[in-house]
Amino acid sequence: MYRLVCVHCGAIYSPDQIIYTCNRCGHLLTVEYDMDGIDVSRDEWNRRPLSVWRYRELLPVRGEPVSLQEGGTPLYHLKTIGKELGLPELYAKHEGMNPTGSFKDRGMTVGVSMACELGMTSVACASTGNTSASLAAYAAKAGVPCVVLLPAGKVALGKVAQALMHGARVISIRGNFDRALEMVHELCITHGLYLLNSVNPYRLEGQKTIGFEAIDQLGGEVPDRMVLPVGNAGNISAVYKGLRELEALGFIDRLPMMTGIQAAGSAPVVRAIERNLDVLVPESAPETIATAIRIGAPVNAEKALVAIRATGGTAASVTDEEILAMQRDLARKEGIGVEPASAASVAGIRKLAELGLIDKDERIVCVVTGHLLKDPETVVRQCEPPTEIDADLPSLLSALR
Ligand SMILES: Cc1ncc(COP(=O)(O)O)c(C=O)c1O
Ligand SMILES: N[C@@H](CCOP(=O)(O)O)C(=O)O
């Protein structure tokens, strides 16, 4: 049993209403469960495979989900980078290992399942790339048409390729992501498509399972800190919400310090934390090489600020150079291939550690959100091109010398 509740004024809505914002105050809605009615134990969860659906009692879907086998992603111990930073307990949860290569799949399995349960016959989103790739795939699996709006020229090649190949109707707008989101929201309200951006309360339910899995992979121990790259701020809010639910069930007795990392050219949440603002001042012209988090007006900021403040966490920004340096370090020192936005979380920890702002004994889980192959162009631009030689051994030996 659950209901939809406004995060700001507490107004209550029925779970089968197609609604994304509060009719009374315009703020976002969240899913609130009747915790007394949740009948499951940690042992029961531990007997199931590691997956989004291990935690189905804390998800809104009641029937058979639209699934591509999402979740169950690896948690890697970053031994080399951790040693360099003096952080022996540094981990990366590699969300790039989901079916379409990003954490969005956790959200879409729930969001698209709910679209079907609610009887919606078409779905839509705005995207900096990953949301569209994921929605296109899950819509294909569900057999529903899908429309995606992208900021023209600002989406990494692999993500556009995915949306196109999975059969979405792909529209590029001459404007940024924030404008695309406003447009698609209006389209959905006026024309009855189901909106699957992070304003959709059901989609975020799937994403909270990142935190559940990380704890299960640490043998039931809560990490001291969880670090996430922040764009539209849905993921950090979702993980915090999920962990509070585990606390309410008595499965954990403390929360990690939620830590958000943004790109320096696109850092309104960081500024709000640094200046102790209650209301975000949007960035009108966000810019960063990490196009996934090139977002100036994060719609979930209100929730993200609560998550960071309530847990004693923090927010920090990293430059594009710091992001790319960490992308290379993860690839070359740990064998972990991530896209630039994902490297931001670990780059942020490097920065905080170097500034002496975190305790060296902390157990830290950085969420690395998307796969290296999402953005091959940024990778190729950073690396030496392959050496082309004649097809004989002497040429090979000479090239290797
Ligand atoms: C790879 C990647 N990392 C991080 C983010 C940021 O997540 P959120 O928008 O939930 O803050 C996004 C999308 O926004 C993304 O695609
Ligand atoms: N990085 C995101 C931006 C959209 O965020 P959403 O969580 O609101 O869908 C993307 O991949 O498009």
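Visitor: How many residues of the shell around ligand 2 are nonpolar, how many are polar and how many are charged?

Guide: The shell around ligand 2 has three nonpolar, eight polar and two charged residues, where Asp, Glu, Lys and Arg count as charged, Ala, Val, Leu, Ile, Met, Phe, Trp, Tyr, Cys and Pro as nonpolar, and the others, Gly among them, as polar. The model is predicted, so local features need pLDDT of at least 70 and side-chain atom pairs pLDDT 80 or more, while totals for chains, interfaces and linings use all residues. Residues are numbered from 1 along each chain as its sequence is written, chains are lettered from A and ligands numbered from 1 in the order in which they are written, and side-chain values use heavy atoms, without hydrogens and water.

Visitor: Which residues come nearest to ligand 2, and what makes a pair of atoms there a polar contact?

Guide: Of the 13 residues around ligand 2 (a heavy atom within 4 Å), Ser 127, Thr 128, Ser 198, Arg 203 and Asn 232 come nearest. A polar contact with a ligand is a pair of N or O atoms within 3.5 Å. A side-chain N or O atom of Asn 232 lies 2.8 Å from an oxygen atom of ligand 2, and a polar backbone atom of Asn 130 lies 3.0 Å from one, so both pairs qualify. The protein covers 95% of the 340 Å² of accessible area (Shrake-Rupley, 1.4 Å probe) that ligand 2 has on its own.

Visitor: What contacts does ligand 1 make through its oxygen atoms?

Guide: An oxygen atom of ligand 1 is 2.8 Å from a polar side-chain atom of Asn 130, and an oxygen atom of ligand 1 also lies 2.8 Å from a polar backbone atom of Ala 233. Taken alone, ligand 1 exposes 380 Å², of which the protein buries 98%.

Visitor: Why is the pair of Tyr 20 and Tyr 194 called tilted?

Guide: The whole structure holds seven aromatic pairs. In the pair of Tyr 20 and Tyr 194 the centres are 6.1 Å apart and the planes 45 degrees; centres must lie within 6.5 Å, and angles under 30 degrees count as stacked and over 60 as edge-to-face, so the pair is tilted. Tyr 20 lies in the loop between strand S2 (12-13) and strand S3 (29-33) and Tyr 194 in strand S9 (residues 194-195), so the pair ties together parts 174 residues apart in sequence.

Notes
Polar contact = N/O pair within 3.5 Å; in protein donor to acceptor, adjacent residues only side chain to side chain. Phe/Tyr/Trp six-rings, centres within 6.5 Å; stacked < 30°, edge-to-face > 60°. Helix = DSSP H or I, 4+ residues; strand = E, 2+ residues; numbered from the N terminus.
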